[in-house]
Amino acid sequence: MPAPDSRVALLRLTDIVKTYTGVRALSGVTFEVLEGEVHALLGENGAGKSTLMAVAAGAIAPDSGTVEIGGHRLERAVPSGAQVLGLSVVYQHPSVLDDLTVAENLLFAVAPGSRPAFRDRNSWAREKLRVVGCDADPSARAGELGVAQRQLLEIAKALALDAKVLVLDEPTESLTSAEADRLFAQVDAVRKQGASVVYISHRLPEVRRIADRITVLRDGATSGTVVAADVRDDEVLQMIVGRPMSQTFPPKPERGGKAGAPQLVATGLRGWRLHDVTIEVAPGEIVGLAGVEGNGQREALRALAGLLPHRGDVRIGDVAADTKTPGRSRRSGIFYLPHDRHAEGVFGRLSVRENLTALVLDEMSRAGAIRARREAEVASAQVEAFAIKTASLESPVDTLSGGNQQKVVIARTFLAEPKVLLFDEPTRGVDVGARMEIYRLLRAAAAEGRSVVVASSDAVELEGLCDKVLVFSRGQVVRALTGDEVTEANITGAAITATVQHAGGAERVRRRRRASAIARSDLAPSGVIALIIVALAVATDAGHPLFLGTRDVTSLLFLATILAFAAMGQLVVLLGASLDLSVGPLIGLTVVILSFFATPGAGYGGLAIGVTVAAAVGALVGCTNTFLIRTLRIGPVISTLVTYIAIQGVSLLLRPQPAGSIDAGVTVGIQQAFGPIPVVFAVAVVVAVLAERALRRSSWGRELRAVGSDEVRAFRVGARVFPTLLVAHVVCSLLAVAAGVLLASQVGIGDPTLGTDYTLTTLAAAVLGGASIFGGRGSFVGAFLGALLLQEVINTTTFLGLPQAWQEYLPGLLIVLGAGVYSRVRGASPAGAGAGAET
């Protein structure tokens, strides 16, 4: 390696200052990384490491200071700018977009010019995944991946960029030792190519293995920079915590060969990835669960916590424990700490105080009212006891560092005085000082007579902490290690040698994966709806032959086309995790506008002028909605309700009463048909198909779904959030205008009350077609078919002579059934498709 002074700095941060309310996160930090260097960045949780790298990545704007990447200054704090200059980040909490496929996540990360042809995307993605040892299916939705595979995907995304500077923030927290070894080989290859690597970790052995230099942050300031080979571990630890520090585990109790009567006894546990599992834990005992990821150890914990359906007998002492739900498990004395604190551990928008006391609210209350002083006292005591770094008790917990959030979860659980503690990766993302403190707390909890169960992917952690270790493979305990048998070598060896899956089982898993993927795809609802449309038409026509007559079919398809255009517009904003209630009034305003221009005798010239004016108004509405939602930060429901009222007011101002006829020649032209098929219906079909293709294959479609999937993560990987949502709202409004033009030809008069009913109907059609109200999921073909089905149901009720109320009942019932089924199918754990274990 060249001498440091002969190399240029590929990353230089100078005098970086960043302050949050009440907390100075970074205080004039200067940090540089040389070409071909692996530079470790260490520090306690909350020291500022992730914040500093977020500044480097353009995800956070500093209060002052400069960022240079590859010799060029980052002029504006946006992730896309940093990526263009050559910086790529593997975040501590992966920026994986759950609603995109694995391949789409990889494609989204790289520049458009570096992306393969659409037909080659899966083979290209498979090669990028192979580099990091990830066997995920490129066509699988990323939200279905396990924790380790998500981390490997995040690493593969970063490596795919061929960046000048690669930032790895806690990259091995979810990886096995073999996966970590593969990562380190890639880091070494990147270094040899002349790129720079920033490596953030709480694991000193890893730092020793790959780092050239070490910089330590403490309390937002630089504690020092040293050459890795010239400093001892104890010296690094003292730089990190500011005092001498031991890395030893707390001593295990001497049991003298006597095993106490079990306090927790779980026998015959069966469920997803579980086959006749028995777990016994005595009071004061810490039992570890080990195994290659996906072999049932985590599922055993979650079953005991009431989070997974299961069968079997669970007892606490001599008393049967009800573990059917999390609440029942807690009432039985069993408390669970999840491995993903963001998804299941902390209440991000609530304060530190509210998080700490969430499990003991009954003790904090009198006659149903919280005793504020008592709650504050208890929360303050926990903050002090667990050394939680927070500006105040009222700070939102999601403003804390990852390690401090973990301490909040642990402190909250200890406050509830459990009999049994279930820990899933208790020290993931926790600094070395806090890690030792957590080990001490677990041992202290056991010493007080509690039973402790720990699932961990770190064999060293299990060896140092546990009295007994159960090794899982294919949903069963294949070996129990006790006493002197609990060693890293035995744990790892038992896990690796016992995880070969039978070929038949592997094939069954693959078949289940394929079936699950088809059922959970965005286009699955379209097939179901198409079958219902055909069945309903045949059934209705059997009793009323005129239902499928040319005239009635033409009328049905034309009315369905009006709804379809508006529903596809609504889908565009739903995909971006937004909403537009102003669609209905805008349709009505379009009819009113045309009543002033497309008048009798004005012909198609008048229609063109009217459509142009209506389109301009539609674009203005879309821009207004985006301004209210994005700039003023008013929720989509309130923002578009405001425009709903405003547009309806304008319509009534222009036409207080229905008036103004539409040119008859124009209406006839718009309603032209080939046999029973209206021309505009055929146009709508083409629009739906092309839009569906663009949604799946274009950068626009991928970016829209990325923003809807998770706006923050999408921004981190370079998505243009504001422009994407602006285009979505404008397109929605323009499609509403198109629907209004068709409706005007149908009614032939400027009625200001027309269109309002379409607001909820467009939402219904989109949701019925498989759209998620939370964003990121949906189909234009589904929205089109949903509109067709709703219109068919309305026509059917008329033919069957049902009261008009049924026109509301039946669509509502269909929506509830459809949304419920889609939610269950998409939200269900892919049981039989579980990766890594036969079920």
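Reader: At what angle do helix H22 and helix H23 pack, and how far apart are their axes?

Author: In this predicted model, helix H22 (residues 583–597) and helix H23 (residues 603–631) pack at an angle of about 150°, and their axes lie 8 Å apart. Helices here are DSSP runs of H or I with at least four residues, strands are runs of E with at least two, and both are numbered from the N terminus. The axes are lines fitted to C-alpha atoms, for helices over the stretch in contact, with angles running from 0 to 180 degrees between N-to-C directions.

Reader: Before we go on, what should I know about the numbering and the model?

Author: Residues are numbered from 1 along each chain as its sequence is written, and side-chain values use heavy atoms, with hydrogens and water left out. Because the model is predicted, local features need pLDDT of at least 70 and side-chain atom pairs count only at pLDDT 80 or more, while totals for chains, interfaces and linings use all residues.

Reader: OK, back to H22 and H23: which residues meet there?

Author: From H22, the residues are Leu 586, Leu 589, Thr 590, Ile 593, Leu 594 and Phe 597, and among those they meet in H23 are Gly 606, Leu 607, Val 613 and Val 621, where contact means heavy atoms within 4.5 Å. The residues of this contact divide into 12 nonpolar, 4 polar and no charged; Ala, Val, Leu, Ile, Met, Phe, Trp, Tyr, Cys and Pro count as nonpolar, Asp, Glu, Lys and Arg as charged, and the others, Gly among them, as polar.

Reader: Changing topic, what is the strand order in the open sheet of 4 strands?

Author: The order is S2-S1-S4-S5, with antiparallel pairing, and two strands count as paired if DSSP finds at least two bridges between them. Strand S2 (23–34) and strand S5 (72–73) stand at the edges with a single partner strand each, so one side of each has no neighbour in the sheet.

Reader: How many bridges join S4 to S5?

Author: Strand S4 (residues 64–69) is joined to S5 by 2 bridges, and the bridge partner of Ile 69 in S5 is His 72.

Reader: And which strands does helix H1 lie across?

Author: Helix H1 (residues 49–56) lies across strand S1 (9–20), S2 and S4, and runs at about 115° to S1.

Reader: What about the open sheet of 6 strands, what is its order?

Author: That sheet has the order S16-S19-S20-S13-S21-S22, with mixed pairing. S16 and strand S19 (residues 420–424) pair in the parallel sense over 4 bridges, and Leu 337 stands opposite Phe 423 in S19.
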